[in-house]
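Reader: I would like to go through this predicted model with you, beginning with the chain as a whole and ending with single residues. Could you take my questions in turn?

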Amino acid sequence: MATPFISLLEPPNDLSSYNRHLPPSQQTSTSLPKVFLDAMEVREAVYAKEQGVPLEFEQDDDDNRAAHWVIYASVNQTIEPEIRDPSTNALIRPRRSESRSMPIGTLRLIPFPHPPHPRKGGIYVNDKLVNAGDPSPGSIPQDLSIIQPLTQTEKHRLSATPSFIPYAIDPPTTYHDGQEVYVKLGRLAVLKEFRGHGIATQLIRAAFEWMMRHKNGFNPSATADITTLGLNDPHSRNSTSSAARPGGAGLPRRVSVSSTGPSDVPKWKGLFCCHAQESAVKIWEKHGFQVDPAMGRWLEEGIPHVGMFYRAQLLR
């Protein structure tokens, strides 16, 4: 394998034409970025084909606002096999081959804000929590244990679109106070035949380095439309009542940092999170991530996951 190289698709991107029910090789839209299609080729191979995740669950709305890295290897492929004379074994036509850049690994980074942390003991199907509360008969298998019902704030945030997830307080965990904003790494996937060659390490390092160069890239400006942040949402951590809010409930207004206090405008301070498959914990630990015991364990598409955090030291 020749030296791999990495391509980056920076956010935001309009991926609305991607058909989640078709593999990337069958997408008909000409507006989809090639890097994203290559990322989905790897994700399809690893998550859908190897791990059995339904294909339509693999692409989600977070892809539009995420940064995507794809690592490629130059692979030599046979175009025409050699032909020999069956009687004399003399070479009639030599083998013809060519090298092509093949996507072999991918990773994405999602900026804040995020939905609530997954529930300890939760069972998630297509990002939906299916074992919370008192479900109607037959809605989930009877042998699943039921966890505490969702709060109104959790229901509201889980129903929000990724472009408008309210910025709100989460219950504190071991490594997250519930308030500090973080970026989330995920969809780390490497083709099976290329594992053990440091491909995941190259992808994670690329994401770290990019985020260090763009450490203020996701921070709101000093005068930010608080609708964009979700700070005027009734479920937000610092919202005011509609009676006190000029323009009425839900209407956007522009505020300066000084009018709400600098702490009211979220800024990234170096915190990374990942929701890691248990089988991949050691990969993330190699790069400084630590399992968050308070987040517990949950299932996504039947696969056990844990929460992990890493704090990078930001240079002023």
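Reader: Among contacts between residues at least 6 apart in sequence, what percentage join residues at least 24 apart?

Author: The model is a predicted one, and its secondary structure comes to seven helices and 14 strands. When contacts in the chain are limited to those between residues at least 6 apart in sequence, the share that joins residues at least 24 apart is 71%.

Reader: What percentage of the residues in the chain is buried?

Author: The accessible surface of the chain comes to about 16,600 Å², and 52% of this surface belongs to carbon and sulfur atoms. Of the 316 residues in the chain, the buried ones make up 44%.

Reader: Where in the chain is L191 found, and is this residue buried or exposed?

Author: L191 is found in the loop between β8, residues 183-190, and α4, residues 199-213. The relative accessible area of L191 is 9%, and because the cut-off for a buried residue is under 20%, L191 counts as buried.

Reader: Which residue lies 149 residues from L191 in sequence and 6.6 Å from it in space, C-alpha to C-alpha?

Author: Leaving aside residues up to four places away in sequence, L191 touches A45, V46, M102, P103 and I104, and V42 is also among its contacts. The residue that is 149 residues from L191 in sequence, with a C-alpha to C-alpha distance of 6.6 Å, is V42.

Reader: What span does α4 reach from its first C-alpha to its last?

Author: The helix α4 has 15 residues, for which a span of 21 Å is expected at 1.5 Å a residue. Its buried residues include I199, L203, F208 and W210.

Reader: How are the rings of W69 and W210 arranged, stacked, tilted or edge-to-face?

Author: The structure holds twelve aromatic pairs, and in the pair of W69 and W210 the ring centres are 5.7 Å apart with the planes at 80°. This pair links distant parts of the chain, since W69 is in strand β2 and W210 in helix α4, 141 residues apart. Both partners are buried, W69 at 3% relative accessibility and W210 with a relative accessible area of 4%. Because planes over 60 degrees apart fall in that class, the arrangement of W69 and W210 is edge-to-face.

Reader: Which residues do ring pairs link into a cluster with F208?

Author: F208 is one of the buried residues of α4. Ring pairs link F208 into a cluster with W268, F272, W284, F289 and Y310.

How values were computed:
Residues numbered from 1 in each chain as written. Predicted model: local features only at pLDDT ≥ 70, side-chain atom pairs only at ≥ 80, totals over all residues. Heavy atoms only, no water. Helix = DSSP H or I, 4+ residues; strand = E, 2+ residues; numbered from the N terminus. Buried < 20%, exposed > 50% of the residue type's maximum accessible area, 1.4 Å probe, protein only. Contact = heavy atoms within 4.5 Å. Expected span 1.5 Å × (residues − 1). Areas by Shrake-Rupley, 256 points an atom, 1.4 Å probe, with all protein chains shown as cover. Phe/Tyr/Trp six-rings, centres within 6.5 Å; stacked < 30°, edge-to-face > 60°.
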